[in-house]
Amino acid sequence: MRTERIDWIDSAKGLGILLVMLGHCYMEGKFTFWFYSFHMALFFFLSGYTFRVKEKYIYFFVKKIRTLLVPYVFFVVITMVFNGSLAIIYGSTYDIIEILKLYLVQNRYTLLWFITCLFLSEQCMFALEKIFLRREYNNLIWLISGIINLFLFYIYRKMIGINLPWNADLVLIGLVFMCLGKWSKETNIIERIKNNHFLLLGVSFAIISIVSSGYNYFFFGKVDWFSNEFGNAILYTISAVTGVMATILLLHNVKCQKLSSLGKNSMMFYGLHRLIIDNLIFVVYPKLGINIVPGNYGEIILAFISVAIAIVLLMIFNYIVMKYMPWCMGKIKETKK
């Protein structure tokens, strides 16, 4: 049972990071509105599903620094060295101090916003776990907590709407899906579904998610956590929850080694893929005479090619890092016995 659970979680993470990379290929919203409605929610759901408190807070805190903030610093260094080198080559200015300040404050600065937001969300989950532990009906409390956080988030965006350092304001919406994931795990609701119902329920949830996200996009606006855009609150919530559930149910009994491999190394792909994709789209393709026509279906093909190239290059880089410097990704190097 443990192996099966890890397999589908890794596959779900793999699909999630694949969708994130496709979403950063500058395709028009009509091609991306569906997966933009749930791909970030999926990562928070899975984080909540696998969330466990087995140690005192100080050890938990140190572990999260090692597994989240150390990779964050690693990505910052790689990104700054890469972009700084390009600036020198093309004779542009690159203010290291100012850029370091932006990364330190991390207020919606680059795609790395997600890592600091997840770090803060994990701290909140620790507190909730301690509060709810051994409480009567604690499973139901996780679901109620998720609903409360949802209302608090929309009230905050409506009445205050200030982007906070380390993207702390997005912690509320992140906790919605983390609590939902935790509730799903504690109630074993996914494991209790009969195998012959996974496909039917998965397809049904996918249809609901596509319809609700499509209606949301075409009549209310696009969804993008980074830009604080959610369209209609009710439609977003429906499309996000059903999109997450569709992904999980459809992948639960699917064995896909490539997706699983992506999922196991999702942090590396998340942190560095845009360096490759941006340079392909804005530097390499124009020099090759390849023009991207907005709204043309050819941009979908080019997006998949860009993602494939990024995956191959990052697989190689990930292998080198994990072999010689695993601590950069929060991993402990195994010692030979």
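## Helices around the largest pocket

Seven helices, α1 (2-23), α3 (39-49), α4 (57-89), α6 (113-132), α11 (257-264), α12 (266-287) and α13 (298-324), each give at least two residues to the lining of the largest pocket. Helices here are DSSP runs of H or I with at least four residues, numbered from the N terminus. The largest share of that lining comes from α1, with seven residues.

This is a predicted model, in which local features need pLDDT of at least 70, side-chain atom pairs count only at pLDDT 80 or more, and totals for chains, interfaces and linings use all residues. Residues are numbered from 1 along each chain as its sequence is written, and side-chain values use heavy atoms, without hydrogens or water.

## Inside the largest pocket

The largest pocket holds about 1,500 Å³ of space. Its lining has 37 residues, and K13, T50, K64, T67 and K331 are the closest to its centre. A pocket is an open set of points on a 1 Å grid over the protein atoms alone, where a 1.4 Å probe fits, with protein on both sides within 12 Å along at least five of seven lines; lining residues have an atom within 4 Å of a point. The volume is the space filled by probe spheres set on the points.

By class, this lining has 16 nonpolar, eight polar and 13 charged residues; Asp, Glu, Lys and Arg count as charged.

## The second largest pocket

Here the volume is about 500 Å³. Of the 26 lining residues, G23, H24, Y36, V223 and D224 lie nearest the centre. The largest share, four residues, comes from α2, and the classes are 13 nonpolar, 10 polar and three charged.
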